[in-house]
Each structure stands twice: as C-alpha cells, then as structure tokens.
Amino acid sequence: MSMEFIEALGEIEREKGISKDILIDAIEAALISSYKRNFNTAQNVRVDINRTTGVIKVYARKTVVDEVLDPRMEISVDAAREINPHYTIDDIADIEVTPRDFGRIAAQTAKQVVTQRIREAERGLIYNAFIDKEEDIVNGIVQRQDTRNLFVDLGKVEAVLPLTELMPTDKFKHGDRVKSYITKVENTTKGPQIIMSRTHPGLLKRLFELEVPEIYDGVVEIRSVAREAGFRSKIAVHSRNSEVDPVGSCVGPKGMRVQTIVNELKGEKIDIVRWSENIDEYVANALSPSKVLEVIVFEQEKMARVIVPDYQLSLAIGIKGQNARLAAKLTGWKIDIKSETQAEQEFGRPRSPESDTMHQDSVSID
C-alpha cells in the first residue's frame, strides 16, 4: 500500500460517493481473512491501515496470562511487558506479525474489495433511482427476447418485461422503443431487478395523468380503472370543481388527449365515464355506450339490476360479456342486465317507450 492508494480511495469517495473510511474498514476486514487463509493460522489478528501513509500492519491479538497454555492465543506477562510495560493480566496485547511479502496479497485483496464496493454502490444508486419510479411509466429500448421475457434497456439497468404482460396487439423487435409500467423493483444479490407491464391498469391511469393537465393538477381525479388490455378499458373520473367537466377534460379538444392514449395502447377502446356517489347513476354510466332505462340497487347483496331497451341488450352485455364485466370491475358491484321484455316477463315491470332517452354521462372512444 502507499499514499497513492489512499489518494485513489479519496478520488473514489468524491466520484462515487463511497466513504474512504468505509472502504478502508472493508479492506482491513478482508485482509484478516486473507492473512488467515494464506498463512494457515488460527490466531486472532487485527489489520491496521494507516489513513495517511497507507502502511499496513498485521497484529496478533493475545491474552496476557501468568502461564501460557496456548502460544497462539496467549502471551506471558513478562513477554507482553517487553512490548508495552503497561500490560497486565487479562489485557489483550497486540503483537506485530506482518509477513514480509504481505504487500502483494494486500494489493490484490484491496483491489477486489474496492471493485466489489463500487459495484455495490452503483447497484444501490440504481435501486434508489428506480424504487421511486415504482408504479410509474418509463421508456426503454428492447434489447433481446427469450421464451418468457423481453429485456428492455432503461439506460443504467436492464428491465424485464414478461411476455405475459404484453398486450395481444404488442409486437416488438430489437431496437424498438417501448413504454411500460413498473410494477416491482427488487434489490437482489445480482443487483436491482425491475419488472414491467403493458397490461396493468396502472399504465392506463398514468397515461391519463401525463396527458390530462386537469388530472395532473388534481382538479380531476381518477376514481377507478377496469381494463382488458389490448381490447377495452373503462375509466371513471370525477371533478372537484363543478365548472370542470371531467369527461370532457379527458377527451380533450377534438378528442386529441384520449386519442394519444389510444394510439399508445395500439387501438385499445376506452370508455370514459363520470363517477357518481349514487350507485344507480354510476352503474348506468359504467355500462356506456349502451343506454340504460333503470337501475335497481340491492344494497345488501351489493348487486344492481339494470334494465335496458331490447335493442340495447347485446350492446350492454358486450362481446363475450366484456362490457358488463368491465362495468362490474369498475364499480365493484355485481350487475344483472335485463332487457325491457325480460323485465316485464320476470318482474311485471311496465314498458316505458319514452324512457330510452335516459341521460348517459359518459363517452366511448374507439
């Protein structure tokens, strides 16, 4: 070791933010193991590195005793006092045992320790940078693909995008840019692991937060999101300002805001509906784009029976039940949809020709 090495540690401290004292402490601990391994000793030893000169010394630590039974661990009072006249029984005496060729071992060990600590520090910085981006959107470049994952370069780290988290409409190849939602950031022994998704409802929510200033400012809030990625989504919005239309804010001038999001999601249809604390109104809005005649609420069962015009039944249910299923996810209520004819036959509800003009506070974007 030398002063140049101490200066190099100081440079690492300035550039990497790793304390010089922490590095020296780690090198001292590693040198103890190296000494025991290379010199085949079971002695209790201490390694000291001079913080100014870089000089390394190894000391055997022995207990001061009257009668020595184990020379490796004990030293007589007389022998100890030759080193330091102040030693007494049961003190721990430090006896220098620095090997002649210990410098080579020390240099190699120090290099390994410093390299490892720098790597750990860099991993820590990356982890700290991305843990704050959990549940946020990032842009990356596709690097490679195996049978289960896409690997995406985020600049300082390679993230994992499982193929199961891709939308059916997603087709990516090497070098393509991809916008994804970070679902998990873990600090593993191999470094930070970042898991991403393109199917998570959070992706849709964050896209609206980024695209709609009223949401970013907190005037309009997203109350619920239901999504079948790549096919259709529903999002319930509410305005804290009675003068601001939450649905119109999300749609934007000439539909530009929502269309930007639709394009990012490769044509996924999005229904934007007005949230309401009145569950009957909320359920009616959630079934957009179908018209609703009546909503009968069963509070105990947390179920709503919805009656729609005969010609709107298939639209209300949706292809393979998709519209009804998403409405149920959005509201958190079970929804039983009946046509007017079915309601009349099953419950004796009178038909109402004028009722199919019931107001719908929602918009559907294809």
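In this predicted model, helix α2 (residues 20-38) and helix α4 (residues 102-131) have axes that come within 9 Å and cross at roughly 130°; axes are lines fitted to C-alpha atoms, for helices over the stretch in contact, and angles run from 0 to 180 degrees between N-to-C directions. Because of that angle, α2 is oblique to α4, given that angles under 35 degrees count as roughly parallel, over 145 as roughly antiparallel, 65 to 115 as roughly perpendicular and the rest as oblique. Local features need pLDDT of at least 70 and side-chain atom pairs count only at pLDDT 80 or more, whereas totals for chains, interfaces and linings use all residues. Residues are numbered from 1 along each chain as its sequence is written, and side-chain values use heavy atoms, with hydrogens and water left out.

**The contact of α2 with α4**
- The residues that make this contact include Ile-22, Leu-23 and Ala-26 of α2, and Phe-102, Ile-105 and Ala-106 of α4, where contact means heavy atoms within 4.5 Å.
- By class, the contact of α2 with α4 has 13 nonpolar residues, three polar and one charged; Ala, Val, Leu, Ile, Met, Phe, Trp, Tyr, Cys and Pro count as nonpolar, Asp, Glu, Lys and Arg as charged, and the others, Gly among them, as polar.

**The contact of α1 with α2**
- Helix α1 (residues 3-16) packs with α2 at an angle of about 125°, and their axes are 9 Å apart, so α1 and α2 are oblique to each other.
- On the α1 side the contact includes Phe-5, Ile-6 and Leu-9, which meet residues of α2, among them Leu-23 and Ile-27.
- This contact has seven nonpolar, one polar and two charged residues.

**The whole chain**
- The protein chain has twelve helices and 16 strands, which are DSSP runs numbered from the N terminus (helices H or I, at least four residues; strands E, at least two).
- Its radius of gyration, taken over C-alpha atoms, is 35 Å, well over the 21 Å that the globule rule gives for 366 residues, so the protein chain is more spread out than a compact globule; the rule is 2.2 Å times the number of residues to the power 0.38.
- Taken along the principal axes, the C-alpha atoms of the protein chain fill a box of roughly 115 × 45 × 45 Å.

**Local details**
- Ser-288 and Pro-289 are joined by a cis peptide bond, with omega about 15°, and Pro-289 is in the loop between α9 (279-286) and β13 (294-298).
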